[in-house]
Amino acid sequence: MKQIAVLASGRGSNFQAIIEAMTPLKINGKIIMLITDNKDAYAIERAKAVNIPVTVINFKDYPSRADYEKELLSTMKNLSADLFICAGYMKIIGEEIAKTFFGKLINIHPALLPSFTGLHAQKQALDYGVKIAGCTVHFVDAGVDTGPIIIQKAVPVFDDDTDDDLDERILEQEHTAFPEAVKLFCDDRLKIEGRKVRVLPAQET
Ligand code: GRF
């Protein structure tokens with residue numbers, strides 16, 4: 001069974017979706033820790049509600065980004081988790097962490113990458129005038145939202161959509177895409193081949 005640690009910064013709806021999918025999807029893993037950079041994150045309540053231990057590394061308490069990252073790196077190393085999930089983790093992952101945990105660290109981004117990286121991806125998509133938007137689960141590399149893609153799900157964009165409409169439509173897809181990706185990882189079905197992630201066939205049980 002894979003040991004999973006989750007990084008989240010805010011409301012944690014993706015974290016919740018993964019918690020709720022563990023049993024029905026028969027995910028071969030256990031969430032051993034929530035790590036948050038924000039002492040006020042609602043994700044903390046969600047963890048407590050199901051007895052998942054929480055580590056707060058409150059970003060604002062650190063004199064510099066480098067000091068914060070050092071603490072995060074050491075926490076992640078000490079955990080010896082098989083998989084780290086960025087579920088609404090709003091800080092950029094530094095190069096050292098990305099390199100140390102490449103292949104074991106996944107993120108969800110609310111756009112069809114490589115379009116609309118960084119913050120406010122849904123607004124970027126609306127402003128650009130795309131007709132299809134969506135979400136991407138990907139391995140994290142040293143770039144921003146640039147790592148090998150595991151799963152993408154698309155949604156239509158309608159003429160009168162507001163930012164909130166599109167956020168909500170994409171979020172619904174995030175809540176299925178992320179648990180699916182976690183399941184594939186925990187079943188050892190993801191193989192990184194350069195930029196591509198090959199999804200291996202399911203093993204007969
Ligand atoms: C999601 O849209 C995620 O893709 C993005 O930030 C949002 C976090 O939502 N990175 P939540 O905290 O999981 O509810």
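Which side chain meets D127 in a salt bridge? The partner is K123, with 2.7 Å from N to O. This is a predicted model, and the count for it comes to 12 salt bridges. Here is a friendly walk through three of these pairings, with a look at how accessible the residues are.

**The pair in helix α5**
- D127 and K123 both belong to helix α5, which covers residues 121–128.
- They sit four residues apart, or about one turn of the helix.
- D127 is exposed because its relative accessible area is 55%, and the cut-off for exposed is over 50%.
- K123 has a relative accessibility of 39%, so this residue counts as partly exposed.

**The pair with a buried aspartate**
- D161 and R169 bring their side chains together in a salt bridge, at 2.7 Å from N to O.
- Is D161 buried or exposed? D161 counts as buried, because its relative accessibility is 13% and buried means under 20%.

- A salt bridge links the side chains of R198 and E193, with an N to O distance of 3.0 Å.
- R198 has a relative accessible area of 46%, so R198 is partly exposed.
- E193 is partly exposed too, with a relative accessible area of 30%.
- K191 also comes into the picture here: salt bridges that share partners join K191, E193 and R198 into one network.

Note on methods: Residues numbered from 1 in each chain as written. Predicted model: local features only at pLDDT ≥ 70, side-chain atom pairs only at ≥ 80, totals over all residues. Heavy atoms only, no water. Salt bridge = Lys/Arg side-chain N within 4 Å of Asp/Glu carboxyl O. Helix = DSSP H or I, 4+ residues; strand = E, 2+ residues; numbered from the N terminus. Buried < 20%, exposed > 50% of the residue type's maximum accessible area, 1.4 Å probe, protein only.
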